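Visitor: I'd like to learn how to read a few features off a model like this. Could you walk me through it?

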Amino acid sequence: MTTDDLITAVMAWGEERGIDNAYRQLNKVTEELGEWAHEICRDNFNTPEAKDACGDVLVTIIILADICGIDPIECLEEAYHEISGRKGHTSEGMFIKDGS
C-alpha cells in the first residue's frame, strides 16, 4: 500500500465512523501522544508498545487534518521544504535553528 493509499484509507476509516469533531479529535491526538511519551520516558523506543503508540498518533493526526480540511501530505511536504535548508546546530541531540 502506498503512503497516499494508506492516508486515504485512514481518512475513510474516520469518516465511516463519524469522527468529525475537531476538538474531540484533538483530545484524542493528545491522549495518544501521551501514551507514546509514556513509552519514550521509560526508554521503550523500538518496542511493540512504542510502535503502536506512534501509529496511533499518526492515525489521529491524519484524521484531525481531514476534519480540518487539511491535506497532511501537503503539510509534510511544505514543512520539509521549510526545514530542508534551515541553518543551525545540534545540541544534546536536538537541532536548534539559527536565530532561536
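Visitor: Let's start with Arg17: how exposed is Arg17, going by its relative accessible area?

Guide: Keep in mind that this is a predicted model. Partly exposed covers the range between the buried cut-off of 20% and the exposed cut-off of 50%. Arg17 has a relative accessible area of 47%, so Arg17 is partly exposed.

Visitor: Which side chain does Arg17 meet in a salt bridge?

Guide: That's Glu16, with 3.5 Å from N to O. Glu16 counts as exposed, at 64% relative accessibility.

Visitor: And how many salt bridges are there by this rule?

Guide: The count comes to 4. Look at helix H2, where Lys28 and Glu31 sit 3 residues apart, about one turn of the helix. Their side chains meet in a salt bridge at 3.3 Å, N to O. Lys28 also pairs with Glu32, at 3.5 Å. Shared partners join Lys28, Glu31 and Glu32 into one network.

Visitor: Is Glu32 buried or exposed?

Guide: Buried means under 20%, and Glu32 comes in at 7%, so it counts as buried. Leaving out residues up to four places away in sequence, Glu32 touches Ala53, Asp56, Val57 and Thr60.

Visitor: What about empty space?

Guide: Rolling a probe the size of a water molecule over the atoms shows where space is left. Here the largest pocket holds about 310 Å³. It has 15 lining residues, and the closest to its centre are Ile7, Leu58, Ile61, Ile62 and Pro72.

Visitor: Which helix gives the largest share of that lining?

Guide: H3, with 6 residues. By type, the lining has 13 nonpolar residues, 2 polar and no charged.

Technical notes. Residues numbered from 1 in each chain as written. Predicted model: local features only at pLDDT ≥ 70, side-chain atom pairs only at ≥ 80, totals over all residues. Heavy atoms only, no water. 1 Å grid on protein atoms, 1.4 Å probe; cavity = no way out; pocket = protein on both sides within 12 Å on 5 of 7 lines; lining within 4 Å. Points joined across faces, edges and corners; volume = space filled by probe spheres on them. Helix = DSSP H or I, 4+ residues; strand = E, 2+ residues; numbered from the N terminus. Nonpolar A, V, L, I, M, F, W, Y, C, P; charged D, E, K, R; others polar. Contact = heavy atoms within 4.5 Å. Buried < 20%, exposed > 50% of the residue type's maximum accessible area, 1.4 Å probe, protein only.
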